[in-house]
Amino acid sequence: MNIAIVILNWNGSAMMRRYLPSVIKHSSSPSTGGGWGEVEVIVADNASTDDSLRMLSEEFPEVRTIVMARNWGFAEGYNKSLRMLDMEQQRNGAPLHDYYLLLNSDVRVEQGWLTPMLQYMEQHPEVAACQPKLLSDVNPKNFEYAGACGGYLDKYGYPYCRGRIFNTIEEDHGQYDDPTYVLWATGACLLIRRDDYWRSGGLDGRFFAHNEEIDLCWRLNIMGRKVACVPQSVAYHYGGGTLPQGNPRKTYLNFRNNLTMLYKNLPEDQLAHVMKVRKWLDLLAALQMLILGRSFQNCRAVFRARRDFRHWLHQFEQERRRIQSLSPHLSPHLSPLSILWQYYVKGRKHYSQL
């Protein structure tokens, strides 16, 4: 069993200098403790303009690099780099990797971190992808925003996690230490079978960044494959390294991509209703951003996202038909609750209270 840990980098020299040593140290085959085959750490560079490549060659010569000529964004950057990796393996007569592990450049790991996830995947062939428990590297007692202990979507498409609902982040007291199926696993640290990655179509490169891993995991679920969180494996994520919370570009991508994901994956009998409700909920969100002082730019980003979603909708019509044809009895895969109602009206701010 061969595992490729692929870190997509864009101008992240400082982050890699800080976090790459732990990944190299604790991801070599002997340290996994599971008798696995080769574990290779690879940095795929998304046309960085800083000193990333020079730094890697001088300070981490053992790390394999894949260099791309332009910045493809997170989603297509991974698609391109994984294709290039597979081509290199074939060209060199080496076996293709059984697993990809997509890892952010700002993730710290410890001894034996891979073993629980790999053991779980080998024992559960129905599972296509999984994530570890994701804790904050800034405050390791807390879960980390970008995935915590596995994610879900409410009935209107809003994501939430075991350990994080909106901006309320829980302390980790072992309350979510049971391995469980989830709807989506974090793209900050995602272990996925190579065959499932390509069979599902990979990440949607048109998204550029944000919601792309939720879209991928939702498609895996529609295909009849499972996604899981394995909390016995732990990783520590710094978070917000590319676009911090409150950045208008991030707001734009989150709203545009979330609507697109809903259009692609929602069953026909739910689509019209959900989109109608979301129109009003997005308007409320934009007004809240304006009133609460999160800037006119963020409010404007919501309206631009909805406009651009309408303009590019035709690009996804054929794919929607393909996804909806994958199973004659599609499960909605969404939680029946409204997380907005639970959080703001009922005051239930922790997953365990839902």
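**Values against definitions**

Student: Which residues of helix α11 (residues 317-324) are buried?

Tutor: Glu319, Arg320, Ile323 and Gln324 are the buried residues of α11. Seen down the axis of α11, they fall within an arc of 130°, so they line one face of the helix. The arc is taken from the directions from the helix axis to the C-beta atoms. This is a predicted model: local features need pLDDT of at least 70, side-chain atom pairs count only at pLDDT 80 or more, and totals for chains, interfaces and linings use all residues. Residues are numbered from 1 along each chain as its sequence is written, and side-chain values use heavy atoms, with hydrogens and water left out.

Student: What makes a run of residues a helix or a strand?

Tutor: DSSP decides. Helices are runs of H or I of at least four residues, and strands are runs of E of at least two, numbered from the N terminus.

Student: What covers the buried residues of α11, and which residues on the other side are exposed?

Tutor: The cover includes α7, α8 (248-265) and α9 (268-291). It is judged by contact, meaning heavy atoms within 4.5 Å. On the other side of α11, Gln318 and Arg321 are exposed.

Student: Why is His210 called buried?

Tutor: Buried means under 20% relative accessible area, exposed means over 50%, and partly exposed lies in between (1.4 Å probe, protein chains only). His210 has 19% relative accessibility, so it counts as buried. It sits in the loop between α6 (194-199) and α7.

Student: What makes Asn11 partly exposed?

Tutor: Asn11 has a relative accessible area of 28%, so it falls in the middle class. Its place is the loop between β1 (3-9) and α1. Asn11 also has a positive phi, about 50°, although it is not a glycine.

Student: How do you know which class His124 belongs to?

Tutor: Its relative accessible area is 22%, so His124 is partly exposed. His124 lies in the loop between α5 (115-123) and β6 (127-136). His124 and Lys226 are 102 residues apart in sequence, but 9.3 Å apart in space, C-alpha to C-alpha.

Student: How many disulfides does the whole structure hold, and how do you know?

Tutor: The search finds zero. A disulfide is a covalent bond between the sulfur atoms of two cysteines. The test asks for a pair of cysteine sulfur atoms within 2.5 Å. For Cys161, the closest cysteine sulfur is in Cys149, at 9.3 Å, so it is too far for a bond. For Cys217, it is in Cys130, at 10 Å, so again too far. Cys161 is buried, at 0% relative accessible area. Cys217 is buried as well, also at 0%.

Student: What makes a set of residues a nonpolar core?

Tutor: The members are buried Ala, Val, Leu, Ile, Met, Phe, Trp, Tyr and Cys residues, joined through side-chain atoms within 4.5 Å. The largest core has 63 residues, and those with the most contacts inside it include Val6, Leu85, Tyr197 and Trp218. Helix α7 (residues 212-222) gives the largest share of this core, six residues. Apart from it lies another core, of 33 residues, among them Met16, Leu101, Trp113 and Leu118.

Student: Which residues does Tyr197 touch, beyond those up to four places away in sequence?

Tutor: Among them are Tyr78, Tyr100, Leu102, Ile192 and Leu216.
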